[in-house]
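Keep the viewer open as you read.

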Number of protein chains: 2
Amino acid sequence: MFRETHSRSVIKAISWRVLGTIATSALVFIFTRRWALSLAVGAFEFVSKIGLFWVHERVWDRLHFGREEIKPLVLWFTGLSGSGKSTISRWVADRLRAQGYRVEQLDGDTVRHIFPNTGFTRPERHEHLKRVGYLAGKLEKNGVFVVASFVSPYEESRQTVRAMCENFVEIFVDTPLEICEQRDVKGLYGKARRGEIRNFTGIDDPYERPTSPELVLTTTGQSVEEAGSKVLELVSRRTRQGIMN
Amino acid sequence: MFRETHSRSVIKAISWRVLGTIATSALVFIFTRRWALSLAVGAFEFVSKIGLFWVHERVWDRLHFGREEIKPLVLWFTGLSGSGKSTISRWVADRLRAQGYRVEQLDGDTVRHIFPNTGFTRPERHEHLKRVGYLAGKLEKNGVFVVASFVSPYEESRQTVRAMCENFVEIFVDTPLEICEQRDVKGLYGKARRGEIRNFTGIDDPYERPTSPELVLTTTGQSVEEAGSKVLELVSRRTRQGIMN
């Protein structure tokens, strides 16, 4: 929350008054060529208008017209491990921050690193995502854009999270399994194929493709900037609609 | 995030100008008793000062002086079941909202209602509070005051949560067990005594008294308003210190 100190308001009023009165006196002098008159008008104006300016500021402070609050969004990136979710979402979060929004980035790997006991069975994944959804909803409600990237493989979990948010935008990063497996940045597909890790999405646990996502991104033949720009376009469309008057 | 529309700025500038110019013309007329002169000065002033006012606003918009951001706090109420945590914290949260702050209230019962699988063993409680602490830290980081009321019986858990927040304020609601048990608003002490529920704090699970809380509240012989006011005093002291310049 930003708040202006009293000294700022007072000094601002005075600085405007000095500037305004010099202009008024100059005008009177130009019209009349009388120094005494222009100085007298200026002196009276100086005193009377400081109060008038203050009253005007207070009245406008109470008027709601033209003051808008941007309603934030929850941008939920879903897709296979290695699909490019984190990379695109990081790019998007940085751009939104540069636009002056409050942005919180939630990433599956980061959150699981802090809560290492979170498992990978269906109920554990669901409970985990529900907790993340709760967090996302609270942040959104308090004016924060949430950029979340989670494999979130089950339609049911994504629907649960959607219901916990007000402005939920599901972004499906639709990179084919073969390509994710080729990339295998974290070496997880190899481990899953060798049976060293279990319940790995795409290998021995299903990825339920989103049925009606707000946006589908492909990452083959499209750069991070190109994919991310599509998200930003959607944000700009949705925030224009979502203005609270 | 609040943003002023261009139309608001323009209409505000014009409304000030109309007001200001009427005052100037009136002043010139009072000094000279010449209608034509006062109207001419007014007309020139009207045109020239709209631009001047705008420039003045833009310059001040770039000046950081006197513009302060309030750093929020995490107000963490700890104490036995039935100690009065929720009641006092609700009162405090309402007051803070009325002061214009963004406030999120997190209550043990509410959160457990949404996540019914959260258990009551020591590791489960600890993991639960760690998740709440993560949420609180994220909210605080994004400018939101957090008012949390959780039994949070273990010193270790409270220290973990403290470390996850920037401005953590531990408020110990120190109501004796006998009194909590007499009140027994939710009928839980009865159930715990009859062995119908396990790991109940104060009965068959320990409450580790805070060793260095920021505030200790008693609820016997003190009203909710009296206890809550002490919290508000602390908030006002801490936010004055915590201003980011």
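Two strands count as paired if DSSP finds at least two bridges between them. Strands themselves are DSSP runs (E, at least two residues), numbered from the N terminus. This is a predicted model, in which local features need pLDDT of at least 70, side-chain atom pairs count only at pLDDT 80 or more, and totals for chains, interfaces and linings use all residues. Residues are numbered from 1 along each chain as its sequence is written, while chains are lettered from A and ligands numbered from 1 in the order in which they are written.

Start with β5 of chain B, residues 145-149. Strand β3 (residues 74-78) of chain B runs parallel to β5(B), joined by four bridges. Here Leu75(B) stands opposite Val147(B). Strand β4 (residues 103-107) of chain B is also parallel to β5(B), with five bridges. Gln105(B) stands opposite Val147(B) too.

Now look at burial. A residue is buried if 20 or more other C-beta atoms lie within 10 Å of its own, exposed if 12 or fewer, and partly exposed in between; C-beta atoms are placed from the backbone. Five of the five β5(B) residues are buried, so the strand is largely enclosed by the rest of the structure. Phe145(B), Val147(B) and Ser149(B) cover one face, and Val146(B) and Ala148(B) the other.

Step back to the whole sheet. Five strands form an open, parallel sheet in the order β4-β5-β3-β6-β7 (chain B). β4 and β7 (215-217) of chain B each have a single partner strand, so one side of each lacks a neighbour in the sheet.

At the β7(B) end, β6 (residues 168-173) of chain B pairs with β7(B) in the parallel sense over three bridges. Val173(B) has Leu217(B) as its bridge partner there.
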